[in-house]
Amino acid sequence: MTRTVAIIGCGLIGRAWAIVFARAGMTVRIWDADPSVLEAAHDTLRKACHEVGEDPAILANVVAVADMETALDGVEWVQENGPERLDIKRAIYADLDRLAAPDTILASSSSAIVASQFAEGLAGVSRILVAHPVNPPHVVPVVELCPSPGTSAHVMDRAEALMRAVGQVPVRMAREIDGFVLNRLQAVLLAEALSLVAQGIVTPQGLDNTIAHGLGRRWTLMGPLATINLNAPGGIVDYLDRFGPTMARLSDGAARGAAFDQNTTRIIAASMPPPDRVQDLSRRRNERLAQLAHFLKSNEQDH
Ligand SMILES: NC(=O)c1ccc[n+]([C@@H]2O[C@H](COP(=O)([O-])OP(=O)(O)OC[C@H]3O[C@@H](n4cnc5c(N)ncnc54)[C@H](O)[C@@H]3O)[C@@H](O)[C@H]2O)c1
């Protein structure tokens, strides 16, 4: 029997998830509170497939439905992608929990709102979690699985297995924390990046080159911990012995939240392509991410 999932909220992230599940051969029911979004969904999905070299034939697995109840009928997983607003998430989860069968897992794409904030007090709290993707999830596979204190371990196991089955890379968190893992890491890196530019130590281009052609090159293949394990002949213990005190000094002196100020925003904005190029540049970025994902996958299979 074909596995079936529902996508609730079919904007940027919901559509990308639809591609992830559809290309894994699952039936995908999509629903959005705005009927015009649903009407346009198949066209937009077709364009998104072309952009990343995905066969649009997979969209035969995607069915747009007129109401939430129909979307939820018999599905094993709901991926919710409504707006990042607590009042809206609370209202959506009250409906989802009332309408979905008891063994259906309800997962939110929420970027920052933790599950306890919209799941607490609901009868089905144990089947609700955050499954936070990175934009766009059909070409960037990591997904952070973050439980609320009420989420059951069995639901986390099923979530992890489903994400692997559709080709994503789940990162299972033991408990809730503000920003999950990815954005906590991104925040400290961005603060230091903004501060170095604001102090005039490096240009925005130089800063971006440092990551794109430096740290980021290695991080495409492995994370920062596996990286430092290779950065000293004796592995990570040797690395931390040699460089730990320097890294500790630098991190103690690193920039904090004050780095996110308007003056720095102005300096960096002046060096960036204008906002009317964002859409085109994002499309090109997604094409290249898809090529990279393809290369990395075929390369893994060679080893
Ligand atoms: N954009 C990103 O980079 C990104 C990355 C990771 C996670 N997220 C998270 O994914 C979620 C969706 O973000 P997005 O960027 O796709 O936003 P979006 O604005 O593109 O899409 C939101 C969709 O939800 C629909 N909607 C509004 N109210 C609804 C309701 N009550 N029920 C069902 N649908 C409703 C809207 O019509 C819209 O189509 C947010 O929680 C966001 O934080 C976004």
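## A first walk through the model

Met1 is found in the segment before β1, where helices (H or I, at least four residues) and strands (E, at least two) are DSSP runs numbered from the N terminus. This is a predicted model, in which local features need pLDDT of at least 70 and side-chain atom pairs count only at pLDDT 80 or more, while totals for chains, interfaces and linings use all residues. Residues are numbered from 1 along each chain as its sequence is written.

Let us begin with the sheet. It is an open sheet of eight strands with mixed pairing, in the order β3-β2-β1-β4-β5-β6-β7-β8. Two strands pair if DSSP finds at least two bridges between them. At the edges stand β3 (62-64) and β8 (169-172), each with a single partner strand, so one side of each is left without a neighbour in the sheet. On average, neighbouring strands of this sheet are turned by 25° against each other, direction ignored. Helix α1 packs on the sheet and touches β1, β2 (27-31), β3, β4 and β6. The direction of α1 makes about 165° with that of β2; axes are lines fitted to C-alpha atoms, for helices over the stretch in contact, and angles run from 0 to 180 degrees between N-to-C directions.

| Strands | Pairing | Bridges | Facing residues |
|---|---|---|---|
| β1 (4-8) and β4 (77-80) | parallel | four | Val5 and Trp77 |
| β5 (105-108) and β6 | parallel | three | Leu106 and Ile128 |
| β6 and β7 (142-147) | antiparallel | five | His132 and Glu144 |

How many residues of β6 are buried? Six of the six are, so β6 is largely enclosed by the rest of the structure. A residue is buried if 20 or more other C-beta atoms lie within 10 Å of its own, exposed if 12 or fewer, and partly exposed in between, with C-beta atoms placed from the backbone. Ile128, Val130 and His132 point one way from β6, and Leu129, Ala131 and Pro133 point the other way.

Leu129 leads us on to the core. The largest nonpolar core has 56 residues, and Ala18, Val78 and Leu129 touch the most other members. Helix α1 (residues 12-23) gives the most to this core, with eight residues. Such a core is a set of buried Ala, Val, Leu, Ile, Met, Phe, Trp, Tyr and Cys residues joined through C-beta atoms within 7 Å. Beyond its neighbours within four places in sequence, Leu129 is in contact (C-beta atoms, placed from the backbone, within 7 Å) with residues including Ala107, Leu145, Val155 and Met156.

Next comes the ligand. Of the 23 residues around it, Gly9, Gly11, Ile13, Ser111 and Asn135 come nearest; a residue is near a molecule if its C-beta atom, placed from the backbone, lies within 6 Å of it. The elements that give two or more residues to this shell are α1, α4 (86-99) and β6 (128-133). The largest share, three residues, comes from α1.

Finally, here are two exposed places. Met1 is exposed, with 5 other C-beta atoms within 10 Å. Pro274 sits in the loop between α11 (262-269) and α12 (278-302). With 7 C-beta neighbours inside 10 Å, Pro274 counts as exposed too.

Technical notes
Contact = placed C-beta atoms within 7 Å.
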